[in-house]
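Hello,

Here is the structure we talked about. Please open it first, then read the notes below.

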Amino acid sequence: MNVKITTLPDYTLISVEGRVDTTTSAGLEKTLMESIDGGCTKIILDCSGINYISSSGLRVFLVIQKKMISIKGHFNLCNLQPGIREIFDISGFSSIFSIFPDKEAAMIG
Amino acid sequence: MEIKTLVVDNQMSELSKVVDFLDELGEDWGLPAGLVFSLNLVMEEALTNIILYGFEDNNRHTIDINFGKSAAEELSITIIDDGLPYDPTLKADPDLSLSVEERPIGGLGIFLIKKIMDKVEYQRNNSNNFLILTKNINS
């Protein structure tokens, strides 16, 4: 898994590539938490490069969403591949996350 | 019935072996890419539970995984471990209607297995757990 962070004036863009699974999810959680602790209140997570997610990865998404809601921030997801979107649907995550078709929509949302 | 077997240790590092095995299985048996993706998920969830919670000692244990493909295009996976008795079919499904604040962290792994596979069965025989998962290849 690779994570790329771009800090912009209005939001932080985080692009994740590869597998978000039992072995990589802790690293992703750490990176996202560091951004939030650093004062970031709007994260756009570009999921276009995520080709696999398991419950360990979903756990991290939920932890971050809870955290963002508690600080009244925004955690916007975009570009989910169909297979990943299906896992979100099955888990009931599609209704508790802000999911956008692309980065542009996620910026406005 | 075609059968292939994989044996892994009770170590998280063994999961990468499963990924490689499933890639090969998908090619050999001509499985759709979407199904291979789902099987990766199912296997990670099932094995992670066994490896993390199945054993009270620190000894090395082996987990046997048998994959079968029937003439009727039904795929079966049997996971056999000698860990503590645990019947995942008894685990209650998560409440998907809860808000973000109310949703508990975790508890999705077994639910994902149940949703992805057509059938999930459990047996305890001779101090072994048998988790039997089946799915029609084209469903």
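**The loop at B:Arg60**

Setting aside neighbours within four places in sequence, B:Arg60 is in contact with B:Asp9 and B:Asn10. Keep in mind that this is a predicted model. B:Arg60 sits in the loop between H2 and strand S2 (62–69) of chain B. Along the chain, B:Arg60 and B:Asn10 are 50 residues apart, yet their C-alpha atoms are separated by 6.4 Å. Is B:Arg60 buried or exposed? With a relative accessible area of 62%, B:Arg60 is over the 50% cut-off, so it counts as exposed.

**Nonpolar cores**

The largest nonpolar core has 68 residues. Which of them touch the most other members? They are A:Phe61, A:Phe88, B:Leu47, B:Ile65, B:Phe67 and B:Ile79. Helix H2 (residues 33–53) of chain B gives this core its largest share, 11 residues. In general, nonpolar side chains in soluble globular proteins tend to be buried together.

Back to B:Ile65 in the largest core. Beyond its neighbours within four places in sequence, B:Ile65 is in contact with B:Lys4, B:Thr5, B:Leu6, B:Val8, B:Met43, B:Leu47, B:Ile77, B:Thr78 and B:Ile79.

**Helix H1 of chain A**

H1(A) covers residues 25–37, and A:Ser25 is found in it. The 13 residues of H1(A) should span 18 Å at 1.5 Å a residue. The end C-alpha atoms are 18 Å apart, which agrees.

Which residues of H1(A) are buried? They are A:Ser25, A:Leu28, A:Glu29, A:Thr31, A:Leu32, A:Met33, A:Ser35 and A:Ile36. These buried residues pack against S1, strand S2 (12–20), strand S3 (42–53) and helix H2 (55–70) of chain A.

A:Ser25 has a relative accessibility of 8%, under the 20% cut-off, and therefore counts as buried. Leaving out neighbours within four places in sequence, A:Ser25 is in contact with A:Val20, A:Ser56, A:Gly57 and A:Val60. Just after H1(A), A:Gly39 takes a positive phi of about 105°.

**A surface patch on chain A**

A:Met1, A:Val3 and A:Ile5 form a nonpolar patch on the surface. Together they have about 210 Å² of accessible area. A:Val3 belongs to strand S1 (residues 2–7) of chain A. A:Val3 is partly exposed, at a relative accessible area of 30%.

Best wishes

Notes:
Residues are numbered from 1 along each chain as its sequence is written. Chains are lettered from A and ligands numbered from 1 in the order in which they are written. This is a predicted model: local features need pLDDT of at least 70, side-chain atom pairs count only at pLDDT 80 or more; totals for chains, interfaces and linings use all residues. Side-chain values use heavy atoms; hydrogens and water are left out. Patches are made of residues with over 30% relative accessible area and no salt bridge: like charges are joined within 9 Å, nonpolar side chains (Val, Leu, Ile, Met, Phe, Trp, Tyr) within 5 Å. Accessible areas come from the Shrake-Rupley method with a 1.4 Å probe; for residues, only the protein chains shown count as cover. A salt bridge is a side-chain nitrogen of Lys or Arg within 4 Å of a carboxyl oxygen of Asp or Glu. Helices (H or I, at least four residues) and strands (E, at least two) are DSSP runs, numbered from the N terminus. Buried means under 20% relative accessible area, exposed over 50%, partly exposed in between (1.4 Å probe, protein chains only). A nonpolar core is a set of buried Ala, Val, Leu, Ile, Met, Phe, Trp, Tyr and Cys residues joined through side-chain atoms within 4.5 Å. Contact means heavy atoms within 4.5 Å. The expected span of a helix is 1.5 Å times one less than its number of residues.
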